[in-house]
Amino acid sequence: MLIFLGLLTSFLSFLYVTAPSIRKFFAGGVCRTNVQLPGKVVVITGANTGIGKETARELARRGARVYIACRDVLKGESAASEIRADTKNSQVLVRKLDLSDTKSIRAFAEGFLAEEKQLHILINNAGVMMCPYSKTADGFETHLGVNHLGTGVTTYAVHPGIVRSELVRHSFLLCLLWRLFSPFLKTAREGAQTSLHCALAEGLEPMSGKYFSDCRKTWVSPRARNNKTAERLWNVSCELLGIQWE
């Protein structure tokens, strides 16, 4: 038993000593474009923390007018204030958006259209994971209501990797694992790179609707590429939301 504990301790010590190199290896791709965004308008959902916040920071640094759309306005204002101070960009704004309530979504859209003539970049970052069973204001199961119906249709789907963020806050076990293995996980800034790549890199238009990970297009299962399944999902989603498309 003592030998086993000694070996385990040695192994864990080795892991933690080499953690920076291991994390760097798994950090993934980096958005390398230098494009600037003066005059461009950006909306990022859930940008008051984590990956969304770092994405907002970088786009503000490039000169965009950034709307942080989030449920908790106080946290949003705190994040916006930090980003404005860091980037010297005063055009970082906060607007209330609760993706679990279609009335809030419509109110946000109407307010945005009253303020802006164009939207150049939309990043659907907000989401939930492993919530206790609950329903949205419209009666949908929370994961379905927020992550799919509330978010809507995205141009690109991205996987940021395993990131130290608040997404796992509803799971005590995952929170514990995240703390234990935090030296090996991506930072929020590293996790934001793929979103930034899809938002900024030139020449991606022909790849609209593709799946990206680590700043490059990646493999998708055949089921996810089935057009009939996609059409059915679209129709069912519209039916649930009471939306009619001409």
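In which hand does α3 pass α9 in the crossing? I looked this up first. α3 passes α9 in a right-handed crossing; a crossing is right-handed if the near helix is turned clockwise from the far one by less than a right angle, and left-handed if anticlockwise.

**Basis of the entries**

I worked from a predicted model, in which local features need pLDDT of at least 70, side-chain atom pairs count only at pLDDT 80 or more, and totals for chains, interfaces and linings use all residues. Residues are numbered from 1 along each chain as its sequence is written, and side-chain values use heavy atoms, with hydrogens and water left out.

**Entry 1: the chain**

I noted 10 helices and 7 strands in the protein chain. Helices (H or I, at least four residues) and strands (E, at least two) are DSSP runs, numbered from the N terminus. Of the 246 residues in the chain, 35% are buried; buried means under 20% relative accessible area, exposed over 50%, and partly exposed in between, with a 1.4 Å probe and protein chains only. I then turned to contacts, defined as heavy atoms within 4.5 Å. Among contacts with a separation of 6 or more, 68% join residues 24 or more positions apart.

**Entry 2: α3 against α9**

I returned to the helix pair of the opening question. α3 and α9 pack at an angle of about 40 degrees, and their axes lie 9 Å apart. Axes are lines fitted to C-alpha atoms, for helices over the stretch in contact, and angles run from 0 to 180 degrees between N-to-C directions. This angle makes α3 oblique to α9, because angles under 35 degrees count as roughly parallel, over 145 as roughly antiparallel, 65 to 115 as roughly perpendicular and the rest as oblique. On the α3 side, Thr-55, Glu-58 and Leu-59 make the contact, and on the α9 side Ser-195, Leu-196 and Leu-200. By class, I recorded 3 nonpolar, 2 polar and 1 charged residues in the contact of α3 with α9. Ala, Val, Leu, Ile, Met, Phe, Trp, Tyr, Cys and Pro count as nonpolar, Asp, Glu, Lys and Arg as charged, and the others, Gly among them, as polar.

**Entry 3: α3 against α4**

For α3 and α4 I found an angle of about 35 degrees and axes 10 Å apart. The crossing of α3 and α4 is right-handed. Lys-53, Ala-56, Arg-57, Ala-60 and Arg-61 of α3 meet Ala-79, Glu-82, Ile-83, Asp-86 and Thr-87 of α4. The classes in the contact of α3 with α4 are 4 nonpolar, 1 polar and 5 charged residues.

**Entry 4: the cores**

I next examined the nonpolar cores, each a set of buried Ala, Val, Leu, Ile, Met, Phe, Trp, Tyr and Cys residues joined through side-chain atoms within 4.5 Å. The largest has 22 residues, of which Val-42, Ile-44, Ala-56, Leu-59, Val-66, Ile-68 and Leu-200 touch the most other members. Two or more residues each come from β1 (41-45), α3 (50-61), β2 (65-70), α4 (73-87), β3 (92-96), β4 (121-123) and α9 (193-200). α3 gives the largest share, 4 residues. Not counting residues up to four places away in sequence, Val-66 touches Val-42, Ile-44, Ala-56, Leu-59, Ala-60, Gln-91, Val-92 and Leu-93. A second, separate core of 11 residues includes Val-41, Val-43, Leu-99 and Cys-131.

**Entry 5: loop residues**

Is Thr-136 buried or exposed? I found Thr-136 buried, with a relative accessible area of 10%. Thr-136 lies in the loop between β4 and α6 (142-150).

Ser-134 is partly exposed, at 29% relative accessible area. With neighbours within four places in sequence left aside, its contacts are Phe-140, Glu-141 and Thr-142.

I also looked up positive phi values in residues other than glycine. Lys-88 has phi near 60 degrees, sits in the loop between α4 and β3, and counts as exposed at 71% relative accessibility. Cys-215 has a positive phi of about 65 degrees and is located in the loop between β6 (211-213) and β7 (216-217). Cys-215 counts as buried at 13% relative accessibility.
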